[in-house]
Amino acid sequence: MRKIKVLQFSVAASKGGQTLYVLNSWKYIDKTKFQFDFITFDSEPDFEQQLIDEGCKVYHMSCYPEENMEQFIKEFDAILDRHYDVIHIQTSFWKDTIVEQRAMLKGVKKVIIHSHNTGCARAWIKGPNEEALQRHLEVQARLNDKTATDFWACSAEAAKWLYGDKIKSDQIKIMKNAIDTEHFSYKPNLRAQVRKELGIEDSFVVGHVGRFVYQKNHKFLVEVYNEVQKKCSDAVLLLIGRGDLRDDIEKQVKNLGLNTKVYFIDFQNDVSKYYQAMDVFAFPSFFEGFPFTLVEAQTAGLPCLCSNRISEEILLTDNIQQLSLDDIDVWVDKILGLSQGYERKDYSKLISDAGHDIRKQVKELEKEYMNANL
């Protein structure tokens with residue numbers, strides 16, 4: 001049987017949630033039945049060579065549609081001329097629908113739009129982008145059920161954000177974000193090893209995993225931690241990720257005199273061991289679709305504190321609480337309460353049973369892709 005060819009649009013070097021979803025899908029999908037190729041706008045994603053070694057093509061686009069529409073169409077059409085069965089479009093907000101238009105025009109059998117977020121902010125901007133939001137709403141107003149063949153979202157809130165009332169709810173498929181639950185399960189021996197490596201064996205570790213962008217709200221987290229460490233001297237803050245706003249956060253940490261207590265760790269291909277080292281996971285995002293990090297942290301048995309701007313769909317265990325971003329003191333008190341100790345348990349089976357194990361979820365993805373071959 002001929003392999004079904006799937007074009008993934010697009011992946012980014014920052015390896016955020018959308019890219020992580022695509023790479024996880026490729027890792028676990030049946031490669032005897034499916035071929036993935038990838039489009040990127042980044043020059044050198046650190047995972048590119050591995051994809052090539054595994055038989056994938058990685059196409060580099062020189063510009064976004066809004067930068068040079070004519071050039072974008074020329075390059076994109078040349079890729080589509082390689083005859084793909086499926087194009088899987090990963091997105092967070094609307095800028096235009098040119099990708100969908102060209103794919104439909106070129107006869108791609110299955111054109112999937114997949115919503116991964118509930119807000120609109122450019123990574124390099126230090127706040128909400130009102131211009132981008134206005135454009136998002138303008139494009140959304142023109143949507144109809146002919147825009148694509150399939151409309152997906154990682155959560156009900158992400159579906160509402162991207163499609164509004166233009167696509168009926170019974171036409172939208174919720175595809176759960178999923179992880180390797182065994183890999184992220186709580187491992188006491190690994191916890192001890194990583195804490196020793198980092199020199200934080202006797203510390204109370206507040207942790208966060210996420211890109212340094214406006215959406216993740218690192219400034220608020222540092223302010224919370226600053227108050228925590230005043231009352232809990234052995235508390236440290238572990239920040240894992242990269243991004244355009246990292247320098248700003250490092251300056252904030254320095255100005256507060258916290259240099260020796262805040263650990264900055266660059267983006268990691270495998271963050272699982274760092275969850276083991278943490279004692280509490282804090283995630284004060286302004287908006288999210290269905291964050292992988294909170295699935296991973298819950299699987300690892302970590303008490304999780306997240307903002308109430310995130311959909312309640314993320315509450316997969318009894319070990320996570322949603323808090324208001326309007327009250328720093330509530331965050332401080334909750335974290336200090338956890339510093340008194342708790343029983344940490346393995347939640348991997350619970351997460352898997354809720355449908356968030358990648359081995360189960362990829363079977364659903366395979367079934368959907370197979371429909372393109374009918």
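Lys-110 and Asp-150 are both buried (under 20% relative accessible area; exposed is over 50%, and partly exposed lies in between, with a 1.4 Å probe and protein chains only). Strands (E, at least two residues) and helices (H or I, at least four) are DSSP runs numbered from the N terminus.

Lys-110 and Asp-150 belong to a salt-bridge network with Lys-173, Glu-364, Lys-367 and Glu-368.

## Other salt bridges

The structure holds 22 salt bridges. One of them joins Glu-223 and Lys-219 at 2.7 Å, N to O. Both residues lie in helix α9 (residues 218-231), four residues apart, about one turn of the helix. Glu-223 counts as partly exposed because its relative accessibility is 26%, whereas Lys-219, at 51%, counts as exposed.

## Lining by class

The lining of the largest cavity has six nonpolar, four polar and one charged residues (nonpolar: Ala, Val, Leu, Ile, Met, Phe, Trp, Tyr, Cys and Pro; charged: Asp, Glu, Lys and Arg; polar: the others, Gly among them). Helix α15 gives the most to this lining, with four residues.

## Basis of the values

The model is predicted: local features need pLDDT of at least 70, side-chain atom pairs count only at pLDDT 80 or more, and totals for chains, interfaces and linings use all residues. Residues are numbered from 1 along each chain as its sequence is written, and side-chain values use heavy atoms, leaving out hydrogens and water.

Note on methods: A salt bridge is a side-chain nitrogen of Lys or Arg within 4 Å of a carboxyl oxygen of Asp or Glu.
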